[in-house]
Amino acid sequence: MTEPAATAPAVLPQVPLPEPSPGCPPPHPSPRVPKLRLPPGSCDAHCHIFGPAGVFPYAPDRTFTPLDAPKEQLGALHAHLGLERTVVVQSSCYGHDHRVLLDALAAGRGAVRGVALVGEATSRAEVEELHRAGVRAFRLNFLPHLRSRPTGAEIDAVLERVDGLGWAAQLHVRGEDLPGLADVVRTLPGRVVIDHMGRVDLAAGRDGPAVRGLRALLDTGDVWVKVSGVDRVSLEGPPYTDAVGLAASLVAYAPERVVWGTDYPHVNITGAPPDDGLLVDLLEHIAPDPVHLRQLLVDNPAELFDFDALTAP
């Protein structure tokens, strides 16, 4: 009997991947193994997932294009660094399309939480789906390279969508905006988180108007701060001594309301990406007290992002 001819596999069209924007280099090619041993349950409370672009395409109206940094790449980095929990922040290059975030949350099996970008076109049903998947905060971008400043009407629409879910509000702002941010903070119910130490300008020193504004917000009792982004804030470069000093002062000032993250894979930066192993080792200087280190990496993110509590050894 003559064998039937083999059917050639279908050839799928190749979709060209978008070119990355300037300021979106590949991550550090070989981050060092940290010397600092992190406490069990340590959390990277600020990182991003990008792509694969062929599966999770970027928004057509995005203001920047990253290189792919899929969840598998992030997971391998966290295993290398000794981090066991993750908070993935929805990037503006995806807009309100949360498929890449939902995919990461499903794969995380309770060890991953999310921060969403909610807009006027986001339905309450979508928000409830995000909550069930593990989203516990929404982000408002005030930086001009990401989008225009949100209006009062847009903020009100977001608050309406997330009402009753207990989500934190995460604010991505410039240091110059910090002294006048109190009015915005007063409109936000519940906890408010300031990203990347408010991206303050350290040229004015650690007692400049922006840093004083950040401490004044912390004094309200409902504001938290991410002591991430030392590489973005530093004026000196590695090992970012000036920004590490600022981060350490904030941890000492409000140890119960600080969290930390790598900011991987470091998009929209100037110069070379940081060594994520170095960023972990700098935690020894940011939180030299072991009690504060555990608060920063374990207890505080567990409270803020609703992870299961861990019993201290």
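**Salt bridges, cores and a sheet**

The side chains of Arg 232 and Asp 263 form a salt bridge, with N and O 2.7 Å apart. This is a predicted model, where local features need pLDDT of at least 70, side-chain atom pairs count only at pLDDT 80 or more, and totals for chains, interfaces and linings use all residues. Residues are numbered from 1 along each chain as its sequence is written, and side-chain values use heavy atoms, leaving out hydrogens and water.

Me: What makes the contact between Arg 232 and Asp 263 a salt bridge?
Reply: The term asks for a side-chain nitrogen of Lys or Arg within 4 Å of a carboxyl oxygen of Asp or Glu. Here N to O is 2.7 Å, so the pair qualifies. Arg 232 sits in helix α7 (residues 230-233) and Asp 263 in the loop between β8 (258-259) and α9 (276-281), 31 residues apart. Helices (H or I, at least four residues) and strands (E, at least two) are DSSP runs, numbered from the N terminus.

Me: Why is Arg 232 called partly exposed?
Reply: Buried means under 20% relative accessible area, exposed means over 50%, and partly exposed is in between (1.4 Å probe, protein chains only). Arg 232 comes out at 22%, so partly exposed is the label. Asp 263, at 1%, counts as buried.

Me: How do you know that the buried residues of α2 line one face?
Reply: In α2 (residues 99-108), the buried ones are Val 100, Leu 101, Ala 104, Leu 105 and Gly 108. Down the helix axis they fall within an arc of 135 degrees (taken from the directions from the axis to the C-beta atoms), so they line one face. Their cover includes α1 (71-81), β2 (85-89), β3 (112-116), α3 (124-133) and β4.

Me: What makes a set of residues a nonpolar core?
Reply: The members are buried Ala, Val, Leu, Ile, Met, Phe, Trp, Tyr and Cys residues, joined through side-chain atoms within 4.5 Å. The largest such set has 83 residues, and Trp 167, Leu 171 and Ile 194 are among those with the most contacts inside it. Helix α8 (residues 241-253) gives the most to this core, six residues. A second, separate core has 14 residues, including Val 87 and Val 259.

Me: Why do β1 and β8 count as edges of the sheet?
Reply: Eight strands form an open sheet in the order β1-β2-β3-β4-β5-β6-β7-β8, with parallel pairing. Two strands pair if DSSP finds at least two bridges between them. β1 (43-47) and β8 each have a single partner strand, so one side of each is left without a neighbour in the sheet. Strand β7 (residues 223-226) and β8 pair over two bridges, so they meet that cut-off.

Technical notes. Contact means heavy atoms within 4.5 Å.
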